[in-house]
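Please keep the sequence and the structure in view while reading.

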Amino acid sequence: MANMSPKKVEMPEQNPNERNKNFLEVALGYTEQMAIEEATRCLNCKHKPCVSGCPVNVKIPEFITLVADGKFEEAYEKIKETNSLPAICGRVCPQESQCEQICVRAKKGESVAIGRLERFVADWYIKNVNSSKDKPTTNNKKVAIIGSGPASLTCAGDLANMGYSVTIFEAFHVPGGVLMYGIPEFRLPKEIVQKEIDKIKQLGVEIKTNMVIGKVFSLDELLEEGYQAIFVGSGAGLPNFMSIPGENLNGVYSANEFLTRINLMKAYRFPEYDTPVVIGKNVAVIGGGNVAMDAARSAKRLGAENVYIIYRRSEDEMPARLEEVHHAKEEGIIFKVLTNPTSILGTDDGWVKAMECIEMELGEPDSSGRRRPVPKEGSQHIIDVETVIVAIGQSPNPLISSTTTGLETQKWGGIVADESTGATSKKGIFAGGDVVTGAATVILAMGAGKKAAEAIDEYLKKL
Ligand SMILES: Cc1cc2nc3c(=O)[nH]c(=O)nc-3n(C[C@H](O)[C@H](O)[C@H](O)COP(=O)(O)OP(=O)(O)OC[C@H]3O[C@@H](n4cnc5c(N)ncnc54)[C@H](O)[C@@H]3O)c2cc1C
């Protein structure tokens with residue numbers, strides 16, 4: 001008999017006034033009892049709409065039934081059939097706009113907490129089992145993978161399981177992509193990401209760090225070196241700026257630099273780690289996506305008294321996950337919506353001292369379908385801030401495409417690749433994730449890595 005409660009079983013969280021001073025994980029996860037109780041809310045319906053809402057088609061009702069029966073290890077194996085990074089997806093996937101959005105239970109109440117259950121199962125497995133698979137026998141065919149974010153890790157894991165000899169080339173000194181350098185510890189503990197990376201290494205995947213492809217080797221050189229296929233999963237790490245006066249003052253960061261200093265270089269543990277980060281009493285974060293929320297919540301944790309989210313549209317148009325907006329508000333972040341910066345003002349010695357903004361109104365819908373923000377005449381005003389963090393989007397770095405012959409790119413820098421195979425205009429080179437779609441999500445990047453692994457296998461079998 002299904003549990004017909006219209007509400008999800010709540011997941012315990014750190015208190016907002018405590019957690020906004022530390023970098024420990026905010027959400028604490030379900031206990032076994034909570035997970036079983038939530039799992040019994042699933043109706044195990046015939047048409048399983050949730051499965052089609054998941055970009056990697058996790059067998060959701062099947063794994064949830066196993067949780068309801070207390071068979072947690074089997075539930076993990078079921079998820080792993082299609083999702084190689086469940087502990088990560090259970091934490092950061094936008095389930096509210098994917099599987100949970102079309103859950104039948106959402107018609108008359110809250111959906112089944114699919115993300116929380118996925119996270120529970122993955123964490124339970126890491127804590128209680130965590131066995132590693134035997135290294136697959138290799139077929140001696142070499143594949144190079146550029147970047148080590150979720151697209152690349154998925155592609156590498158799948159290819160290694162098929163017997164290929166896989167080498168990942170990563171520009172940073174630590175693998176993991178945005179999972180390591182972008183998403184903060186309080187949302188995604190790095191230990192969890194490291195464990196997933198270790199599992200991929202146990203399959204025989206070699207990870208070479210500090211290898212900036214396009215500088216150390218070009219893709220053409222890697223092909224000459226004997227790699228028979230290449231997957232490019234180099235992401236979209238080049239920050240966009242607003243091009244307003246004052247953007248080059250001291251105290252202005254791109255969200256990417258700010259978060260990289262904190263996550264990858266552990267600036268929040270300065271001077272134990274030697275990367276500093278300058279943070280004023282008043283901080284403005286410009287943007288309304290997940291990146292902006294992460295930057296604002298990190299600034300608060302670093303001791304800023306007033307942290308403002310400055311967003312030019314209304315809260316309804318904010319691209320950030322609802323949960324992130326909710327958590328940010330609970331932690332005391334101040335939302336200034338329908339507000340756009342026009343210039344950043346500096347002190348005589350070149351540091352930020354304030355920002356001039358203008359209020360906005362929503363006009364007719366633009367090409368994205370969202371109502372276009374238009375400035376309200378005479379509404380200019382000054383906000384006193386000492387730090388400005390720009391989080392208005394990222395693009396792919398042109399380094400790889402500009403150093404490769406015959407690789408077609410979009411005007412905005414993305415690599416052109418077939419949606420179902422990742423094949424690019426150049427023979428033997430495949431691409432997927434943010435470098436193809438522009439900044440998107442972890443699960444979409446993983447889906448692209450998975451499809452590319454299958455296509456690379458097909459391609460290499462025919463060689
Ligand atoms: C702060 C932040 C928060 C986010 N929050 C969420 C969230 O909550 N949920 C969600 O689903 N998505 C979120 N995203 C988006 C998500 O993280 C990305 O869509 C996803 O990581 C893209 O994966 P990828 O594998 O394509 O690239 P990335 O994760 O960007 O990895 C690319 C890797 O390639 C490396 N690289 C780049 N150039 C080279 C080169 N020339 N040579 C070698 N290596 C290179 C980079 O160093 C990097 O490690 C967030 C993004 C950011 C920045």
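In this predicted model, a backbone N or O atom of Val 178 lies 3.0 Å from an oxygen atom of the ligand.

| Residue | Ligand atom | Distance |
|---|---|---|
| Val 178 | oxygen | 3.0 Å |

How much of the ligand does the protein bury? Taken alone, the ligand exposes 1000 Å², and 94% of that is buried by the protein. Helices H8 (150-161), H13 (290-301) and H17 (442-461) each give two or more residues to the shell around the ligand. H13 supplies the largest share, three residues. There are 34 residues around the ligand, and those that come nearest are Val 92, Glu 170, Arg 187, Ile 213 and Asp 434. Sorted by class, the shell holds 19 nonpolar, 11 polar and four charged residues.

The second topic is the sheet. Five strands form an open, parallel sheet in the order E6-E14-E7-E8-E9. Strands E6 (252-254) and E9 (334-337) are at the edges with a single partner strand each, so one side of each has no neighbour in the sheet. On average, neighbouring strands are turned by 20° against each other, direction ignored.

Within this sheet, E7 (residues 282-286) and E14 (residues 387-390) run parallel and are joined by four bridges. Ile 286 stands opposite Val 390 in E14. Helix H12 (residues 255-263) lies across E6 and E14, at about 85° to E6.

Notes. Residues are numbered from 1 along each chain as its sequence is written. This is a predicted model: local features need pLDDT of at least 70, side-chain atom pairs count only at pLDDT 80 or more; totals for chains, interfaces and linings use all residues. Side-chain values use heavy atoms; hydrogens and water are left out. A residue is near a molecule or strand if one of its heavy atoms lies within 4 Å of it. A polar contact is a pair of N or O atoms within 3.5 Å; within protein, one must be able to donate a hydrogen and the other to accept it, and residues adjacent in sequence count only if both atoms are side-chain atoms. Accessible areas come from the Shrake-Rupley method with a 1.4 Å probe; for residues, only the protein chains shown count as cover. Ala, Val, Leu, Ile, Met, Phe, Trp, Tyr, Cys and Pro count as nonpolar, Asp, Glu, Lys and Arg as charged, and the others, Gly among them, as polar. Two strands pair if DSSP finds at least two bridges between them. Axes are lines fitted to C-alpha atoms, for helices over the stretch in contact, and angles run from 0 to 180 degrees between N-to-C directions. Contact means heavy atoms within 4.5 Å.
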